[in-house]
Amino acid sequence: MKLILFDCDGTLADSQNGISAAMDAAFEAEQLTSPGRAKTLSIVGLSLPEAMTALAPEHSIEQRVRLAAAYRAAAQRIRVAQAEDPLFPGADQAVRTLSARDDVLLGVATGKSLRGLHRLIAHYQWDNIFATLQTADDNPSKPHPGMIHRALVETDCAAANAVMIGDTSFDMEMARAAGVRAIGVSWGYHPVSELKDAGAETIVDTYGDLMRVLHRT
């Protein structure tokens with residue numbers, strides 16, 4: 001049995017507008033200058049505490065904790081006010097097609113909260129599609145390999161038969177640290193050059209390209 005793990009934000013879902021708006025609101029709540037869209041998107045994939053450490057290293061731990069709380073509150077307001085983040089073109093069909101294969105298990109390994117991930121899965125009617133859901137709620141932040149290690153245990157899959165698909169260098173580094181294949185996608189939040197430097201074995205530009213790569217898996 002093969003295990004295919006997807007990152008969420010930047011790989012399956014295009015969440016950049018909501019993430020950027022929530023981060024702006026969080027910094028405004030603490031009367032700090034926002035790090036800006038590009039810097040904010042560069043930390044997508046990290047757990048929220050790790051993200052705030054990267055974005056506000058000069059501030060105290062207490063203030064970073066307040067920033068994280070303000071971000072969660074702002075993100076919740078945004079989700080209430082608008083529809084769920086859109087999926088990237090081809091993501092839904094790819095997930096459903098792969099889930100129909102009898103030699104494949106699907107999973108998610110994401111810095112997103114479990115609550116947010118469950119909400120996205122319910123919105124897109126992906127119930128019973130994923131065999132394992134790994135989030136920063138219960139695991140060390142990427143690029144630590146803990147998420148993948150736990151997914152392998154839960155699915156009883158060998159690392160040699162698993163692949164991680166993601167859009168950030170954190171995903172690629174996590175995959176390499178866990179001993180699984182790493183496939184990068186070019187439509188996300190980190191440049192292709194960073195994905196390659198982090199160990200991506202291949203980069204795909206569309207979900208169609210990804211499906212052709214996975215068909216050979």
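**Helix burial, strand pairing and contacts**

Modeller: This is a predicted model. In helix α4, the buried residues are Gln-63, Arg-64, Leu-67, Ala-68, Ala-70, Tyr-71, Ala-74, Ala-75 and Ile-78.

Biologist: Which helices are included in what covers the buried residues of α4?

Modeller: The residues in question include Leu-67, Tyr-71 and Ile-78. An α-helix has 3.6 residues a turn, so residues three or four places apart point the same way. The cover over the buried residues of α4 includes α1 (16-29) and α3 (48-55).

Biologist: What length does α4 reach from its first C-alpha to its last?

Modeller: Helix α4 covers residues 61-81, which is 21 residues. At 1.5 Å a residue, 30 Å is expected, and the reach from first to last C-alpha is close to that, at 30 Å.

Biologist: How many bridges join β2 to β3, and which way do the strands run?

Modeller: Strand β2 comprises residues 104-110 and strand β3 residues 130-135. One of the pairings is that of Val-108 with its bridge partner Leu-133 in β3. The two strands run parallel and are joined by 5 bridges.

Biologist: Which handedness has the β-α-β unit that contains α6?

Modeller: Helix α6 covers residues 114-123. Together with β2 and β3, α6 makes a β-α-β unit that is right-handed.

Biologist: Where is Met-147, and which residues does Met-147 touch, not counting those up to four places away in sequence?

Modeller: Met-147 lies in helix α7, which covers residues 146-155. With 0% relative accessibility, Met-147 counts as buried. Met-174 is 27 residues away from Met-147 in sequence, yet their C-alpha atoms are 8.4 Å apart in space. Not counting residues up to four places away, Met-147 touches Ala-109, Thr-110, Gly-111, Gln-134, Thr-135, Ala-136, Asn-139, Pro-140, Lys-142 and Met-174.

Biologist: Which residues does Arg-150 contact, leaving aside its neighbours within four places in sequence?

Modeller: Arg-150 is also placed in helix α7, and at 36% relative accessibility Arg-150 counts as partly exposed. Leaving aside neighbours within four places, Arg-150 is in contact with Gln-134, Asp-138 and Asn-139.

Biologist: Which residues does Arg-96 touch, not counting residues up to four places away in sequence?

Modeller: Arg-96 is part of helix α5, residues 91-99, and is partly exposed at a relative accessible area of 33%. From Val-65, Arg-96 is 31 residues away in sequence and 38 Å away in space, C-alpha to C-alpha. Not counting residues up to four places away, Arg-96 touches Tyr-124, Gln-125, Trp-126 and Ile-129.

Biologist: What is the radius of gyration of the protein?

Modeller: The protein has 10 helices and 6 strands. For 217 residues the globule rule gives 17 Å, and the protein's value is close to that, so the protein is as compact as a globular protein of that length; its radius of gyration is 17 Å.

Biologist: What percentage of the 217 residues is buried?

Modeller: The C-alpha trace spans about 50 × 35 × 30 Å along its principal axes. The protein exposes about 9800 Å². The buried share of the 217 residues is 51%.

Note on methods:
Residues numbered from 1 in each chain as written. Predicted model: local features only at pLDDT ≥ 70, side-chain atom pairs only at ≥ 80, totals over all residues. Heavy atoms only, no water. Buried < 20%, exposed > 50% of the residue type's maximum accessible area, 1.4 Å probe, protein only. Contact = heavy atoms within 4.5 Å. Pairing = 2+ DSSP bridges. Right-handed = clockwise from strand over helix to strand, strands pointing away. Expected span 1.5 Å × (residues − 1). Rg over C-alpha atoms; globule rule 2.2 N^0.38 Å. Areas by Shrake-Rupley, 256 points an atom, 1.4 Å probe, with all protein chains shown as cover.
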